[in-house]
Amino acid sequence: MKAFHNDKIRNSKTWLIGGLLVAGLVVPIFVQDSYLRHLFIISFVYGIVAASWDLSLGYAGVFNFAHVAFFGVGVYAAGLTAKLLGIDPWLAILIGGFAASAAAAVVALPVVRLQGVYVVLVTFAFSQLVMQLVINQSNLTGGTQGMVRVPTIWLPGYNFLRDYKLGYYYVAFGLLVITTTCLRWLVRSDFGLSIKALRDNEDYAVSRGIPIAWQRLKALVASAFFTGLAGGFYVIYLRVASPEVFDFSTVSLILCMVLVGGTSSIYGPLFAALFLTFISEGLASINNFAEGRFMLVALAMILVLLFFPKGLASVVPAKLGKNAKQPLMASKDQALMTSTDKENEAGAAGHSAVR
């Protein structure tokens, strides 16, 4: 009976995910307005950044302020390679991901062995360093004026600039689906279990042989890669790269998406990104309210965290997630017991050999 109940839950989740995929595919059919499509595209980009941030923040427990800097690195890496080096924009998007991962590896060297506020200070300093580097190298990056006329993606016989953002929508949606699939695979793998173990009980995880520095390095690099992809697509889509991507307003907005959606939940930040992007842009269109919108977003975050400390994702899967996780937890406990038994047997054998 219990197995039947769990199968029913899995089937319900499968149908729900399938329905969301179909809904995402048919949105442009019913939404003809290019501005509304633009909002969907931006929300998809922010969703990738927020969900990727949750990999290092929610699952690995590494609070770093450099995540949006990785997004900026992806923006400028893709923009510079496409405009100055003439590299195909499709490839430039991928280069943005690898450049962000390289930046994350540099940041991870001092960060992986730090704790608490020291992680925040080092990563925030790195973010400011990257922003100043972009501003000072104005001959390449355009400085405070930004970089314009970045080449955009193309396909034979298809013009992305004259289709009312239809092509961009599907590219952004495809990146979102690929990122979500990869992130879900990562957090469900042995690697995902190891970083959650380090987050929950670092001393115990280390005693079980989990390398803390190496696992946190991989978590930062993986989260930065998808963020860099989003940054690469962002600059190719808008055809403009500006230092504003490093602003604290951008950091606070994406952090709101993570916290409101719920940490340790890949889907939560995605839905929060969709919701907050439309709310934020809608408030920006109101006269004399462009700056005040961020205060309302912050207020929404406070209210959500006040009533739902684990984010809105803790509300929806309260019934599904708890039951669905039982087989996984049982398998983890069984694997742990098996490994412990093996260790005890090995210890007993060694003790007999000594005797």
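**Labels and their criteria**

Analyst: The side chains of Arg 216 and Glu 202 form a salt bridge, with N and O 3.2 Å apart. Arg 216 belongs to helix α10 (residues 212–238) and Glu 202 to helix α9 (residues 202–207), so the pair ties together parts that are 14 residues apart in sequence. The model is predicted: local features require pLDDT of at least 70 and side-chain atom pairs pLDDT 80 or more, whereas totals for chains, interfaces and linings use all residues. Numbering starts from 1 along each chain as its sequence is written, and side-chain values use heavy atoms, with hydrogens and water left out.

User: Why is the pair of Arg 216 and Glu 202 called a salt bridge?

Analyst: The term requires a side-chain nitrogen of Lys or Arg within 4 Å of a carboxyl oxygen of Asp or Glu. The N to O distance for Arg 216 and Glu 202 is 3.2 Å, so the pair qualifies under the 4 Å limit. By this rule the count comes to two salt bridges; one of them joins Asp 200 and Arg 199 at 2.8 Å, N to O.

User: Are Arg 216 and Glu 202 buried, partly exposed or exposed?

Analyst: Buried means under 20% relative accessible area, exposed over 50%, and partly exposed in between (1.4 Å probe, protein chains only). Arg 216, with 7%, is therefore buried, whereas Glu 202, at 26%, counts as partly exposed. In the other pair, Asp 200 is exposed because its value is 55%, and Arg 199, at 30%, counts as partly exposed.

User: What makes Leu 121 exposed?

Analyst: Its relative accessible area is 53%, so Leu 121 is exposed. This residue is found in helix α5 (residues 117–136), where helices are DSSP runs of H or I with at least four residues, strands are runs of E with at least two, and both are numbered from the N terminus. By these criteria the protein has 14 helices and two strands.

User: How do you know that Asp 163 has no salt bridge?

Analyst: Asp 163 is buried, and the nearest side chain of opposite charge, Arg 37, is 6.3 Å away. Lys and Arg count as positive and Asp and Glu as negative, while His and the chain ends are not counted.

User: Which backbone nitrogens does the side chain of Asp 163 reach?

Analyst: It reaches that of Lys 165 at 3.1 Å and that of Gly 167 at 2.6 Å. Asp 163 is found in the loop between β1 (147–148) and α7 (166–188), and Lys 165 also has its place in the loop between β1 and α7.

User: Why is Leu 303 called partly exposed?

Analyst: Its relative accessible area is 42%, so Leu 303 is partly exposed. Leu 303 lies in helix α13 (residues 293–307).

Note on methods:
A polar contact is a pair of N or O atoms within 3.5 Å; within protein, one must be able to donate a hydrogen and the other to accept it, and residues adjacent in sequence count only if both atoms are side-chain atoms.
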